[in-house]
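Me: I have a structure to go through before I set anything up. Can you talk me through it?

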Amino acid sequence: MSPVLETRALTKSFGAQTVLAGVDLAVAPGESLVVIGQSGTGKSVLLKCILGLETPDAGQVLWQGAALTAARRPAFLDGFGMLFQGAALFDSLTVWQNVAFRLRARLGDRKARAVALEKLARVGLGPEVADLHPAALSGGMAKRAGLARAIATDPKVIFFDEPTTGLDPIRAARINALIRDIVTETGASAITITHDMTTVRCVGDRVAMLAGGRVWWQGDVSAMDAATEPHLHDFIRGIWRP
Amino acid sequence: MILTAPVSGLGRVVLAALRGTGRMAIFAARGLFAMPDPREFLRQMVQIGWLSLPVVGLTALFTGAALALQMYSGGERFAAGDVMPAVVAIGMARELGPVLGGLMVAARVASSIAAEIGTMRVTEQIDALVTLSADPIRHLVTPRIWAAILAVPMLVGVGDVIGIMGGWIVGTQSLGFTSAAYINGSWSFLESWDVISGLLKGAVFGLIVALSGCWFGMNAGRGAAGVGRATKYAVVAAAVGIFAANFILTGIFFA
């Protein structure tokens, strides 16, 4: 099956520091790819290059087999949802307005609010939180509201950036289960960036290990533990080598 | 090598300054000519215009009152104390209303815009806007720029009236002017261009204030320190920009 999203030889440097040194990745339709790696290995930069928030120095991002140019980016973003590390809810808007951000212009406030309430219910948040501002939410609730916003337009591709960072193990397990269920239900392709191995095992079909700006290993989650690649071996087991 | 080092260093500084100026000019042009988000524009009109009214009004009131005392005592040295109401009116309309009003808005609004947008930058809310197919310039920058361009002249106009009223209170309560003589003295020498030039200055100062707040906010560094620096630079740049623009505009309007 041809990939829905692909990066080819993606390269990005900041001054003398090379963050991405030729990253090749592909996500098939309906597949859940998890990108792992230590902090500072370029996971977030990779994400920003795909989204167009950073311009790669070389290489390509392909969407549905063709280069993701500036002209095609609006269409790509229309079928795209993202859960940010800190949820990134807009402080000046209420929870339902955040969730319905893209829908309000299209559907009007009444219908957009109904969809927002439905998506909030899907992530386990009741209508009582709809009119709160993000500052009134706990970390876990904000993550779930962010997840509701990510799925508000039934996207075909969803990105999850460190979805469990800052959450206690119980709330992290809840977010992992929600991600897994939503990706399965919607049939969307998912790319998750994390360094939490519980998340990898829960939500991933395939894993790519990023180190030194390159993909050192990629394969099925089930094959991960048996892999002998040193970066992956040490990362999974939390081994530090001076 | 030793001889060329200072020249190449100077060249790097000049090139960096030119690059920065170019980036800011493009940013300003995009901010001015994008279609503003109407809801955000209305919210900013309230934030920048209505909520700045108390601070601008109080500043104008005390400035007008102090100016009346100064002009009367100075004028009395050559028996010209009677022209004080006209001097207060012209001084407020041409110079003190727009400049002090602009500075108070710079202190209140440039800092607030830079802090708000800077916080949005470091908490990835601006990246979130992009992923939600929303142009951050249209949603954040253009509404603030146009709200400031429209609201600051209104504040200047109200400030002019309040400043003249401050002079009137001092003039009638402690300097022996009758109310009718003071008002007549204010209006008799005031020309419409005095007021219009002040309002035009206000529009330019509004642009400077909003642009500094948005520029430094959008380019804020990481963390709380980054937002703090952005806020500081926004206020300083807006204040210096207002003084420089005031000098240039005064030259154009009255030379």
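Predicted model: local features only at pLDDT ≥ 70, side-chain atom pairs only at ≥ 80, totals over all residues.

Me: Start with chain A. How many helices and strands?
Reply: Chain A has 10 helices and 10 strands.

Me: What is its radius of gyration, and what does the globule rule give?
Reply: The radius of gyration of chain A is 18 Å, and the globule rule gives 18 Å for 242 residues, so chain A is as compact as a globular protein of that length.

Me: What box do the C-alpha atoms fill?
Reply: Along the principal axes, the C-alpha atoms of chain A take up roughly 55 × 40 × 35 Å.

Me: And how much of chain A counts as buried?
Reply: 45% of the 242 residues in chain A are counted as buried.

Me: What about contacts across the sequence, say between residues at least 24 apart?
Reply: Take the contacts in chain A between residues at least 6 apart in sequence: 63% of them join residues at least 24 apart.

Me: Sheets next. What is the strand order in the open sheet of four strands?
Reply: The order is β2-β1-β4-β5 in chain A, and the pairing is antiparallel. The edges are β2 (17-27) and β5 (66-67) of chain A, each of which pairs on one side only.

Me: How many bridges between β1 and β2 there?
Reply: Eight bridges join β1 (residues 5-14) of chain A to β2(A), and the two strands run antiparallel. As one example of a bridge partner in β2(A), Ser13(A) has Thr18(A).

Me: Switching to chain B. At what angle do α4 and α6 pack?
Reply: Helix α4 (residues 84-122) and helix α6 (residues 136-174) of chain B pack at about 145°, and their axes are 7 Å apart.

Me: Right-handed or left-handed crossing?
Reply: The crossing of α4(B) with α6(B) is right-handed. The residues in that contact divide into 18 nonpolar, seven polar and two charged.

Me: Last topic, the contact of the two chains. How many residues from each?
Reply: Chain A gives 13 residues and chain B gives nine residues.

Me: Which elements of chain A give two or more residues to that side?
Reply: They are α2 (73-78) and β6 (80-83) of chain A. The largest share, three residues, comes from α2(A).

Me: How do the residues on that side of chain A divide into nonpolar, polar and charged?
Reply: On the side of chain A that touches chain B there are 10 nonpolar residues, one polar and two charged.

Methods
Residues numbered from 1 in each chain as written. Chains lettered and ligands numbered in written order. Contact = placed C-beta atoms within 7 Å. Nonpolar A, V, L, I, M, F, W, Y, C, P; charged D, E, K, R; others polar. Axes fitted to C-alpha atoms, helices over the stretch in contact; angles between N-to-C directions. Left-handed = near helix turned anticlockwise from the far one by under 90°. Pairing = 2+ DSSP bridges. Rg over C-alpha atoms; globule rule 2.2 N^0.38 Å. Buried ≥ 20, exposed ≤ 12 C-beta atoms within 10 Å, placed from the backbone.
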